[in-house]
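Work through the exercises below with the sequence and the structure in view. Each task is followed by a solution in steps.

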Amino acid sequence: MSGLSYPEMEGCRNLLGLLDNEDILALCDTITNRLVQPEDRQDAIRAILVYSQNVEELLRRKKVHREVIFKYLATQGVIVPPATEKHNLIQHAKDYWEKQLQLKLKETPEPVKTEDIRLFQQQEKEDKKAEKVDFRRLGEEFCHWFFELLNSQNPLLGPPQDEWGPQHFWHDVKLRFYYNTSEQNVIDYCGAEIVSLRLLSLVKEEYLFLSPNLDSRGLKCASSPHGLVMVGVAGTVHRENTCLGIFEQIFGLIQILKNCIINLRCYISGVHCSDSAVLYSTQCSSQ
């Protein structure tokens, strides 16, 4: 939700109206991290106002030129020397809006515009929807699906239960593979095809079986405000009846909330192995 007061929001709305379309769209992309695709100029301005943390952060943006702030102040009757530096112009604007706020407090406050209320309510609904997601259960279900699918490709266990392949990963997936022999080695793999084949070779060619520990000690889950869900899991590595060692794996999953269904796809990075024990550690994340 925006950190701007009502006078600041209205003032910035008028000030942004002095920018050209190219600067408005670039500013919207920067402030929303390209997560909002505005339909038009006014939609872009609304997004800029809603997602700005505070008025100073907004006015300090490169696209908000010194000349634009000066021109806005002039239209509001705030007279300042033409050579005034940008940070001083920002302070003049803040002081002007503070005075406007004090005047509003003495009068009957004007209602916030309908479109701003709609944006605020929509954001609150999305936040509440995300809070209701049980990320631990999500991580547990994902691990069940992932390891059952991967382990089923082991020829010693019979026919695969489902098809394994690059379709389960983003095209720019990365796998960082760590393994210890007499020294530690690291290999990076990039691309859905090569990453899926390298993971497949662990079970199909090396006959490994990965057994994840999905209790509270072996499974950790966390989420970010951007919809990224981190799932960390530890477990043991087996070949037939022999326990070879341990593994750790971290997935970075993109959460897409659509029609109350959570779709997850992986983007990967990491694996460890040693002489006496295998320490397998893949980090899967999505972009």
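**Exercise 1.** Find where N154 lies and state whether N154 is buried or exposed.

Step 1. N154 sits in the loop between helix 8 and strand 1. Helices (H or I, at least four residues) and strands (E, at least two) are DSSP runs, numbered from the N terminus.
Step 2. N154 counts as buried because its relative accessibility is 3%. Buried means under 20% relative accessible area, exposed over 50%, and partly exposed in between, with a 1.4 Å probe and protein chains only.
Step 3. Apart from neighbours within four places in sequence, N154 is in contact (heavy atoms within 4.5 Å) with V203, Y207, L208 and F209.

A note on the source: this is a predicted model, in which local features need pLDDT of at least 70 and side-chain atom pairs count only at pLDDT 80 or more, while totals for chains, interfaces and linings use all residues. Residues are numbered from 1 along each chain as its sequence is written, and side-chain values use heavy atoms, with hydrogens and water left out.

**Exercise 2.** Describe helix 9 and the place of L197 in it.

Step 1. Helix 9 (residues 192-204) contains L197.
Step 2. The 13 residues of helix 9 reach 18 Å from the first C-alpha to the last, close to the 18 Å expected at 1.5 Å a residue. The expected span is 1.5 Å times one less than the number of residues.
Step 3. The buried residues of helix 9 are A192, V195, S196, R198, L199, L200, S201, L202 and V203.
Step 4. L197 counts as partly exposed because its relative accessibility is 45%.
Step 5. The C-alpha atoms of L197 and G165 are 7.4 Å apart, although 32 residues separate the two along the chain.

**Exercise 3.** Which residues of the largest nonpolar core touch the most other members?

Step 1. A nonpolar core is a set of buried Ala, Val, Leu, Ile, Met, Phe, Trp, Tyr and Cys residues joined through side-chain atoms within 4.5 Å.
Step 2. The largest such core has 32 residues, of which C143, F146, F147, W164, L199 and F251 touch the most other members.
Step 3. At least two residues each come from helix 8 (135-151), strand 1 (174-180), helix 9, strand 5 (228-239) and strand 6 (242-254). Helix 8 gives the most, with 8 residues.
Step 4. Leaving aside neighbours within four places in sequence, C143 is in contact with E148, L214, L219, V231, V233 and F251.
Step 5. A second, separate core of 30 residues includes L49, L58, I90 and Y96.

**Exercise 4.** Describe how helix 2 and helix 3 pack.

Step 1. Helix 2 (residues 21-32) and helix 3 (residues 41-51) pack at about 40°, with axes 9 Å apart. Axes are lines fitted to C-alpha atoms, for helices over the stretch in contact, and angles run from 0 to 180 degrees between N-to-C directions.
Step 2. From helix 2, N21, I24, L25, L27, C28, I31 and T32 meet R41, A44, I45, A47, I48 and Y51 of helix 3.

**Exercise 5.** What is the phi of R34, and what is the phi of E240?

Step 1. Most residues other than glycine have a negative phi.
Step 2. R34, not a glycine, has a positive phi of about 65°; R34 lies in the loop between helix 2 and helix 3.
Step 3. E240, also not a glycine, has a positive phi of about 55° and lies in the loop between strand 5 and strand 6.
Step 4. R34 is exposed, with a relative accessible area of 57%, and E240 is exposed at 63%.
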